Amino acid sequence: MHLGTSPTFRLPKNRDDLIFAAKLADEAERYDEMVLCMKEVVKDSPKLTLEERNLLSVAYKNSVGIRRGSWRTLLSIEQREEQKSTGNAAKVKEYREMVEQELSEICEDIIQLLENDVLVHGGSDDRVFYKKMQGDYHRYHVEATMDPKHKQAALQAYTDALETAKNNLPVANPTRLGLVLNLSVFYYEILRKTEEGIALAKTNFDEAVQELENLPEAEYKEATLIMQLIRDNLTLWSEDAVSPDGTQVEDVDN
């Protein structure tokens, strides 16, 4: 059985039914089953439509996101129990490590799915999107495990994505902006290269402002939402430089 899926869950047999089941699982917030559906979609044909691409992203983002939230909560409880010397810290640690293993497995799963199947198809926008996804899941792995191999792999995936984006996508393109947002978070939070993270976010934000009016309406709305997240992070980081409080920064789902 796959992590949080029901033992009675049965995968549909054809692509249309898999897509419907994935959307249904999304509505029901059954993200592990949504993951299973989208993996089968990729197995059927790894060349995904925009809708399918977004469903794949939503499935894994939420499946791993639940574990990321649980891991952070358990880490906080573990530290609290250690400070109180209650004797319960080891029990909490064991539980946290179980969640950490689940988180790691999900990250490894999507990283390999992208590398072996999805990335060989699609154009420049798809490549930037999927390489950003790879970087994201290496980053989520690092958040919990501090694995240096995943840290280096995240940097490589993000760098590859940024090179492709600069050569092929307009500066205000939502996929490119989403990459800039998440890469700047990686620089700031994981690599601790705070100045580089701020510079990347600010430079691309300023350049994108000049190009927003040239975007189609649908892209304009998405771009402005991502730019708001970039601006929020820049504000938070400027405040953090004065009075660090460990407030969580924002990144983008897809």
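1. Asp-136 is located in helix α5 of what is a predicted model. With a relative accessible area of 2%, Asp-136 falls under the 20% cut-off and therefore counts as buried. When neighbours within four places in sequence are set aside, its contacts are Tyr-158 and Asn-182.

2. Helix α5 (124-145) also takes part in the second largest pocket, as one of the helices that each supply at least two residues of the lining. The volume of this pocket is about 240 Å³. Its lining comprises 14 residues, of which Leu-50, Arg-53, Pro-174, Thr-175 and Glu-222 are the closest to the centre.

3. Which helices, besides α5, each supply at least two residues of this lining? They are α3 (50-84), α7 (174-190) and α9 (217-242). The greatest contribution is that of α7, which gives four residues. By residue type, the lining of the second largest pocket consists of five charged, five polar and four nonpolar residues.

4. Helix α2 spans residues 31-44, 14 residues in total. From the first C-alpha to the last, α2 reaches 20 Å, which is close to the 20 Å expected at 1.5 Å a residue. The helix is mostly covered, with ten of its 14 residues buried.

5. What do the buried residues of α2 pack against? Their partners are α1 (15-27), α3 and α4 (89-116). The buried set includes the charged residues Asp-32 and Glu-33. Tyr-31, Met-34, Val-35, Leu-36, Cys-37, Met-38, Val-41 and Val-42 are the other buried residues of α2. Several of these names return in the contacts of α3 residues discussed below.

6. Ser-63 belongs to helix α3. Its relative accessibility is 0%, so Ser-63 counts as buried. Not counting residues up to four places away in sequence, Ser-63 touches Tyr-31, Asp-32, Val-35 and Ile-106. Among these, Tyr-31, Asp-32 and Val-35 are buried residues of α2. Leu-103 is 40 residues from Ser-63 in sequence, and the C-alpha atoms of the two are 8.6 Å apart.

7. Glu-52 is a further residue of helix α3. Is Glu-52 buried or exposed? Its relative accessibility of 8% is under 20%, so Glu-52 counts as buried. Beyond residues up to four places away in sequence, Glu-52 touches Arg-15, Ile-19, Met-38, Val-41 and Lys-47. Asp-32 lies 20 residues from Glu-52 along the chain, with a C-alpha separation of 16 Å.

8. Gly-65 is also placed in helix α3. With a relative accessible area of 28%, Gly-65 lies between the 20% and 50% cut-offs and is therefore classed as partly exposed. The C-alpha atoms of Gly-65 and Tyr-31 are 9.9 Å apart, while the two residues are 34 places apart in sequence.

9. How many disulfides does a search of the whole structure find? The search returns zero. A disulfide is a covalent bond between the sulfur atoms of two cysteines.

10. Ser-85 has a positive phi of about 55° and sits in the loop between α3 and α4. Ser-85 is exposed because its relative accessible area, 63%, is over 50%.

11. Arg-192 is found in the loop between α7 and α8 (194-211). A relative accessible area of 63% is over the 50% cut-off, so Arg-192 is classed as exposed.

Methods:
Residues numbered from 1 in each chain as written. Predicted model: local features only at pLDDT ≥ 70, side-chain atom pairs only at ≥ 80, totals over all residues. Heavy atoms only, no water. 1 Å grid on protein atoms, 1.4 Å probe; cavity = no way out; pocket = protein on both sides within 12 Å on 5 of 7 lines; lining within 4 Å. Points joined across faces, edges and corners; volume = space filled by probe spheres on them. Expected span 1.5 Å × (residues − 1). Buried < 20%, exposed > 50% of the residue type's maximum accessible area, 1.4 Å probe, protein only. Contact = heavy atoms within 4.5 Å. Disulfide = S-S within 2.5 Å.
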